[in-house]
Amino acid sequence: MAPAITSLPDGYRETQYLHLTSMENLTRLNLYSLFLVVPFLLLMVAWTAFAQASRGANPGELNVPSLLLWAATLLVLPLHELVHGLAIAWTGHRPRYGAKYLEGSIKLPYVLYATADGALFRRYEFIVIALAPAIVLTLVGMGLVWVTLDSLASYIAVAVVLNGAGAIGDFWMTAVVLRYPKDALVRDEEDGIRIFTR
């Protein structure tokens, strides 16, 4: 593995700043995420049907209130950031986790994030970091649907769809970064990314 980059090399300059958490971009991303619901939903419906037809029924009931199970699907949100963090650690940087909160008397998080202070990522490293949660958690969810009780499959499928649609910002950042040369560097910040090129 190449050594982690913590300072901007000579000859590089900032080419683009993508501010993901601006109100305009957050609104746009939330709307675009609706388009991702369809492919992830179709994938999980088809996979669940295939799994149940291939392995046979896996009946049984979990003695847990359905409201609690639906709430548990939200655990995919911090898991998403944990996977980002594991990918950041793979590059040799130390991940830091946090949340952005709405202003007001009640602190409600509207964005969770994983970042690495002072880190610069090679283009391919950033793409791995950005796409890891969508890929890893989708595959884990598909695996769980295969082995779990049929009564839990719909909850797992919803978590996968929620994670996939919630990865819209990751897909957008990847699309932007791919427009730059392979030697581009990316600084991931709490509210967006900065791209540096020679």
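Let's begin at Trp146, which is partly exposed, with a relative accessible area of 29% (buried is under 20%, exposed over 50%, partly exposed in between, using a 1.4 Å probe and protein chains only). Keep in mind that this is a predicted model, in which local features need pLDDT of at least 70, side-chain atom pairs count only at pLDDT 80 or more, and totals for chains, interfaces and linings use all residues. Residues are numbered from 1 along each chain as its sequence is written, and side-chain values use heavy atoms, without hydrogens and water.

The structure holds four aromatic pairs (rings of Phe, Tyr and Trp, for Trp the six-membered ring, with centres within 6.5 Å; planes under 30 degrees apart are stacked, over 60 edge-to-face, the rest tilted). In one of them, the rings of Trp47 and Trp146 have centres 5.6 Å apart and planes at 40°, so this pair is tilted. Because Trp47 lies in helix H1 and Trp146 in helix H4, the pair ties together parts 99 residues apart in sequence (helices are DSSP runs of H or I, at least four residues, numbered from the N terminus).

Phe50 also makes a tilted pair with Trp146, at 5.9 Å centre to centre and 50° between the planes. Within it, Trp47 is partly exposed at 23% relative accessible area, and Phe50 is partly exposed at 45%.

Elsewhere, Arg194 lies over the face of Tyr17, 4.1 Å from the ring centre (the cut-offs are NZ of Lys or CZ of Arg within 6 Å of the centre and within 35 degrees of the ring normal).

Definitions and conventions. Helix = DSSP H or I, 4+ residues; strand = E, 2+ residues; numbered from the N terminus.
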